[in-house]
Each structure stands twice: as C-alpha cells, then as structure tokens.
Amino acid sequence: MTAFLARRLAQTLITLFMVTLISFVLSMILPGDPTLALVGPEGATKEMLEVYRTELGLDQPIYVQYLKWLGRVIGGDLGVSIRTRAQVTTLFVQRLPVTLELLVLGVIFAILLAFPLGIMASLRPNTWIDTTGTVLAVSGVAMPQFFLAMVLILVFSLWLGWFPSSGYVEPWKHLWRSINSLILPAISLGFVVAAETMRQLRSSMLEVLHDEYIQTARAKGLKEFLVITKHALRNALIPVVTVLGLRIGRLIGGLVIIEVVFSLPGIGQMLLNAVLFKDMPVLQSGVLLVALAVTVMNLLVDISYSLIDPRIRYG
Amino acid sequence: MRTKRRYSLWLSGLALTVLAVFVVFEPWVCPYDPLAIDFVPLSPPSLKNLFGTDELGRDVFSRFVAGTRISFIVGTVSVFFAATIGILIGLVAAYSKKLRALLMRMIDAIWAFPMIMLALALAASLEPGLGSVIIVIAVVYSPLFARVVYGQALSIMERDFVAAARALGCGAVRLLLTHVLPNLAAAILVQATLSVGTAIVLESSLSFLGVGIQPPTPSWGLIMQSGYRWLEQAHWISILPGIGIYVTVVSYSVLGDWLRIVLDPKQVTT
C-alpha cells in the first residue's frame, strides 16, 4: 500500500508539473499586451508601460518568469488580477462558497438519481423502468448543459414559479433559500454525472447479479434488500466509483456554463470574465486550480478502490 | 432489444440524412435569408415561420438551417484534425520507447483539464471565429484519439505480422502506415463518429459563452444565446435549436454504437 501510494503520488506530481507548464504556456500565448490593457490604449506613454512591465516582471526571460511564478504559486500567492487589481487568492476565496455548494449539491443530486434508477434498471432489465433509465442516460450525455438549464428555467421557474431563475443567497444567511436558489443549477450540472453513473451501475450490477455468491446469499434466506445492497452493490461499485470520480472532474468544467446561465457569482463566471477581458493571472490560476482539483480527484478515486474492495492490494 | 435498436438506428439515420440535406442544400432549404430582418419580432411558430421569429424579426427556421451547416462543418472538420493529430501522437508514442513517456504524460496533463476549460483558455488566445473554433476543438479532442490509437497500436505491435514485416526490413513509417494503421481504422472510425456529436455540443457551448462563432453568423449555440434573453416571451428561439442539437448528438451516438458492434463482432453488448 505504501509503495503504491508513493508511486501514485510521484505520478501525480509529474502530471501536476506538466499542468503548471501548460497553464504557464497558456498565459504566454495569450495575445495582447497585458500592460497595455492595464493602463488603457490612450495616454500610455512608453515610460509608463516600462514601469508596469517591470512591476509585472514581464521584462525577464520566460523560464525565469515561469520559475518565479511557480515559486509564488507554491507559496499560495496567485498574483494580482490585471483587471481589478485585487489579489487573485482573495478573489477565489470570495467566490469559492457558491461554486463548492453548487458542486456538492450537483453530486448529491447525481447520486440520488443514479443509484435508485441504476439498481432498479438492473433488477428489471428491459421493462419500462429500464427504458426510462436508458432514455434519461442518453439525454444526459447528449444534451448540452445550457440547453437543459434553459428548459429547467422555462418550466420550473418561468412557468411554475417554484425556483428562482438566477441569483444566489449565502447558506449562512438563509440555508433553505440558499439551497433553493441552487437546485436548478445543481440539476443542470449533475445530470451528466447521473446519466453516466446510472449506465455504469446498471451494467456492472447486471454482471454481478448472475454470480454464484448472489444465489448462495438468496439460498441461505437473506432478505432481498440485503442481497442487493450488501452483496451485489458492493461488488458492482468499483467501476461506478471510477466513472463517478472521472465525471466529477468533468463537472468542474461545466461550472462555467451553469454559472453563466444562472448568473451565479462563482469561480466559473470569474474564469469566463478572465477569458473575455484577457485577465491573465486570474485565468492562469483558475485553469491551474481546476486541473489540480481534477488530478487530486483521480488520486482519491484510485485510493478509494481498496476501501471498497479489500481484495485489491496495491503491490 | 434487437427491434428497439433497429428503430433507433433508422430514426438516427433519418435525422442525420435530413440534417445532411440542410447542410448541402442550405440555400434551397432556407425559406428566407437567415440574416434578413423581414418579420414581426418574437412571433411564435406558424406556417409562415416554422420555428417563429427572433428578437430582431429574423426567421428562426432559416437561421437553424444555416446554423446546421456551420455546426456540421465545425464538427466534422475539427474531429478530422483531432484524429490526425491524435493518430500521429499515438503512433509515435507506441513506436518510440524514448518519446513514449514524454508524449503520454503530456496527454495525461492535457487530460487533467476539463475540455471546456482548455477550450476557453485556447479560445482566449485566438481571434474568435470559425477557424479558431475548429483549431480549439481539434486540439482539445486530439488526446482522445491519441489514447485510443496508442492503446491499440501497442498490442498490434506485438503481433506476429508486425514482427514479420520488421524482419523483412520494413521501415518505421511504412510499418506504421501500412501495417499498424489499417488495423486501427475501426476503432478510429467509431471514436470519430462518437466525437462529431460531442464536438458540435462543444462548439455550441463556446458560441453560447461568446468565445466561439461570432454574430451575426447563425450557429446553434449563438441562436440559443440570443434567445436565452427572451426565454419568457419567446422560448421557441432557443428551445427548437436546442432540440436540434440534442437529436443530432443522440443520432451520432446511436450510429457510433452501431458501428462499434458491426465492426467488432467479438464484442458483447449489455
């Protein structure tokens, strides 16, 4: 286990190093002069530009810029936003609660939808419930997230008036209103995850259900509920966790779209603004943090296998 | 199960054929000029305007048909380039032990970025427009192909006929192109079919966010974005093109799954 962990950690570190390189290169290929963006096209004298250039460290060779940047990032300093001149770290911390709450609710929704439906579909294959599951699963994968979001807004917000179509309330101000404001975004975000998890759960449950130990469990008079949850589900879980973990990584990508559609003041929207205004430090840090989250997620998924299935030994 | 698959396959084939007709015969299928402001704004679907009109008074159906052309061009051309880049990387990584670690770690790193993030960051570095969207999607999708090609090529390289070709003095390029690549064709074709659909979704997402196709060119994502502001008064502007995207993607995925089964009879489906 320790050897495995060490190897896996080393791999993760290499990937992370590559990730920082890509993030850095991304910012290098952004066109437009960030100093010019800072002082504005008019009234910028050559001397003024030079001052800003030195201040931002843009006059140094690229590898020096990279190493300096890397050192600061490791120390927790993500730089200063070119557009708002605020600390990027502060900006992130300010916007993190919405995004985290949205992510958590999205995953909860996905699990609540995927597990019952996936298990039911595997127990009654080729019935109406299985068909419903398949249709939902295909829809989840095929529907652009912003389209699903619009349909939800149209039906549940504009027509029925059950949920707000935009805006956000902090959970510490009013917990219920906060969750209420994020229900539609969470569904739009989590639907893809639900769809793929459901599909995977169905097929791995179908495989497991024909195994002999399930027959044994039934033969010894175990309640069907326990047969399904304790024996079948646990053994079917490994591929499901893989899909779930990988998908949560992809979920983070969907944040941008969902936060824009529902005008939520989260990290996704901040990143889009950074793209539109060519705010290099914010974009760079955002891309970096997202990739970091995804990589750590993958590591956790790998480690979780041994918890689900004690037979797996990492040699 | 068999008959159900038949139905969905026929329906998907039909849907894609109709859309292909839109793409090829766009000028004849469009009842009106997709850019012309000729009608009462925000009027609901009718016989005159099948999909209604948008906020400026343009015919949504004509814009949808014109958008089909843009979306299909972006989808197929970008996937073609993505496959080309991916095949190249995958083959080189499978053949050269020296470059393997570097290339595949690079692919892993790119893979760590959610597609839309990477696409956004790349889009920011290019002038927005049709060409940029194609480049962005091609780059973002290439790891997908690199992985498929790499994995399969590795096992094919172990086969006897490759050893035989090598023994006969076959060079690297010739070996890869005439002996290895043809054996990968099925896997690549399946991956490409599945990717065109999702590439169209990515294009529409980018256009929706304002970093893809630029107005006034009609693209599905853009039509939906402009309609989004009028959701309450005129939901048809965004909902009908949305259904178009949905049908397209489902059709491509049905087609891809079918190809997978037809091209690989050994594979068991559940």
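First, the ground rules. This is a predicted model, where local features need pLDDT of at least 70 and side-chain atom pairs count only at pLDDT 80 or more, while totals for chains, interfaces and linings use all residues. Residues are numbered from 1 along each chain as its sequence is written, and chains are lettered from A and ligands numbered from 1 in the order in which they are written.

Chain A. It has 12 helices and 0 strands. Helices (H or I, at least four residues) and strands (E, at least two) are DSSP runs, numbered from the N terminus. Of the 315 residues in chain A, 37% are buried. Buried means 20 or more other C-beta atoms within 10 Å of the residue's own; exposed means 12 or fewer; partly exposed is in between; C-beta atoms are placed from the backbone. Now contacts: two residues are in contact if their C-beta atoms, placed from the backbone, lie within 7 Å. In chain A, take the contacts with a separation of 6 or more: 72% join residues 24 or more positions apart.

Chain B. Here we have 10 helices and 0 strands. Chain B has 270 residues, and 44% of them count as buried. Its C-alpha trace spans about 75 × 50 × 30 Å along the principal axes. Among its contacts between residues at least 6 apart in sequence, 67% join residues at least 24 apart.

Now the interface. How many residues of chain B are in contact with chain A? The count is 38 residues of chain B, against 41 residues of chain A. On the chain B side, α4 (97-112), α5 (115-124), α8 (172-209), α9 (220-228) and α10 (236-263) each supply at least two residues. α10(B) gives the most, with 8 residues. By class, that side of chain B has 26 nonpolar, 9 polar and 3 charged residues. For the classes, Ala, Val, Leu, Ile, Met, Phe, Trp, Tyr, Cys and Pro count as nonpolar, Asp, Glu, Lys and Arg as charged, and the others, Gly among them, as polar.

Next, the core. A nonpolar core is a set of buried Ala, Val, Leu, Ile, Met, Phe, Trp, Tyr and Cys residues joined through C-beta atoms within 7 Å. The largest one holds 149 residues. A:V275, B:A119, B:L120, B:A121 and B:I137 touch the most other members. The largest share, 16 residues, comes from helix α10 (residues 224-261) of chain A. Look at B:A121. Leaving out residues up to four places away in sequence, it touches A:L26, A:V275, A:L283 and A:V287.

On to helix packing in chain B. Two packed helices are described by the angle between their axes and the distance between the axes. Axes here are lines fitted to C-alpha atoms, for helices over the stretch in contact, and angles run from 0 to 180 degrees between N-to-C directions.

Pair one is α3 (residues 60-95) and α4 of chain B. Their axes come within 7 Å and cross at roughly 140°. So α3(B) and α4(B) are oblique to each other. B:I89, B:V92 and B:A93 in α3(B) meet B:L99, B:R100, B:L103, B:M104 and B:I107 in α4(B). That contact has 7 nonpolar, no polar and 1 charged residues.

Pair two is α7 (residues 160-167) and α8 of chain B. They pack at an angle of about 150°, with axes 11 Å apart. That makes α7(B) roughly antiparallel to α8(B). The cut-offs: under 35 degrees is roughly parallel, over 145 roughly antiparallel, 65 to 115 roughly perpendicular, and the rest oblique. From α7(B) come B:F161, B:V162, B:A165 and B:R166; from α8(B), B:L175, B:H179 and B:V180. They divide into 5 nonpolar, 1 polar and 1 charged.

Last, two serines. Most residues other than glycine have a negative phi, and most peptide bonds are trans. A:S263 has a positive phi, near 40°. Where is A:S263 found? In the loop between α10 and α11 (267-276) of chain A. A:S263 is exposed, with 12 other C-beta atoms within 10 Å.

B:S43 lies in the loop between α2 (26-29) and α3 of chain B. B:S43 is partly exposed, with 17 other C-beta atoms within 10 Å. Not counting residues up to four places away in sequence, B:S43 touches B:N49, B:G52 and B:T53. The C-alpha atoms of B:S43 and B:S132 are separated by 34 Å, and the two residues are 89 apart along the chain.
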